[in-house]
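Student: Before we go through this model, could we set each label against its definition and see what follows from it?

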Amino acid sequence: MIKITSAEFLKGAVISKQFPQTGIPEFAFFGRSNAGKSSLINMLLNRKNLVKTGAKPGMTREINFFAVNAPAGKPASAESFCVADLPGYGFAQVSQAERKRIDTMLYDYCTTRSTLKTVFLLMDIRREPAEIERQTLQFFRDHSIPAVLTATKADKLSKNEQAKQLFALTSFFECSKDEIILTSSLKKTGREQLLQHISTCILA
């Protein structure tokens, strides 16, 4: 399984022409603004504050790219990849024009990013999924974009409560529990499964 040896901020983009052309496999993280996305990426990359957590959910309105196992000034290796932190949804109060810009940016990213290998769709395990999550997953499937359901904040529930919520998710999304990665940024639950998925994608 791949090991994380370095991780650094690459750049932020607010329109598609600013997306970096890295040429290495890319993995995106997307979900509601309070799903714990920043904490999960920091946990995955074994960095405390690489991805900044906003004072209020939903304040990030750009795509932030991070180079992993690809130190600046050095050639990429077989274990190099990129992480894309996509803007969250559901909280930020933005103008109609700004919302349209963000939606266009996300659409362009998802439909034109040739290096994109997987989108991890994050959901707080304590909350019931809504129709927007179902539609988002269907969008990825319609565009042949591999998506992995990722349940966050598992440490907030007991084992029995986790099992109950996982069953609810499998019923809602019509999938098996093996298709959902259970995670906790606090306890590093799910880190190996995330890394194993990434390894399978880039080392196969």
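Student: What makes I102, M105, L106, Y109 and C110 of helix 2 count as buried?

Tutor: Buried means under 20% relative accessible area, exposed over 50% and partly exposed in between, with a 1.4 Å probe and protein chains only; in helix 2, I102, M105, L106, Y109 and C110 are in the buried class. Seen down the axis of helix 2, the buried residues fall within an arc of 120°, so they line one face of the helix, the arc being that of the directions from the helix axis to the C-beta atoms. On the other side of helix 2, Q96, A97, K100 and T112 are exposed. The model is predicted, with local features needing pLDDT of at least 70, side-chain atom pairs counting only at pLDDT 80 or more, and totals for chains, interfaces and linings using all residues. Residues are numbered from 1 along each chain as its sequence is written, and side-chain values use heavy atoms, with hydrogens and water left out.

Student: How do you know that the span of helix 2 agrees with its 17 residues?

Tutor: Helices are DSSP runs of H or I with at least four residues, strands are runs of E with at least two, and both are numbered from the N terminus. The expected span is 1.5 Å times one less than the number of residues; for residues 96-112 this gives 24 Å, and the end C-alpha atoms of helix 2 are 24 Å apart, which agrees.

Student: Why are strand 1 and strand 7 called edge strands?

Tutor: Two strands pair if DSSP finds at least two bridges between them. The seven strands form an open sheet in the order 1-3-4-2-5-6-7, with mixed pairing, and strand 1 and strand 7 (180-182) each pair on one side only. Strand 6 (residues 147-152) and strand 7 are joined by three bridges in the parallel sense, and L149 stands opposite I180 in strand 7.

Student: Why does D124 count as buried?

Tutor: D124, which lies in strand 5, has 6% relative accessibility and therefore counts as buried. Contact means heavy atoms within 4.5 Å, and D124 touches N34, A35, T152 and K153, not counting residues up to four places away in sequence.

Student: What makes the pair D124 and R126 a polar contact?

Tutor: A polar contact is a pair of N or O atoms within 3.5 Å; within protein, one must be able to donate a hydrogen and the other to accept it, and residues adjacent in sequence count only if both atoms are side-chain atoms. The side chains of D124 and R126 are joined by such a contact of 2.8 Å.
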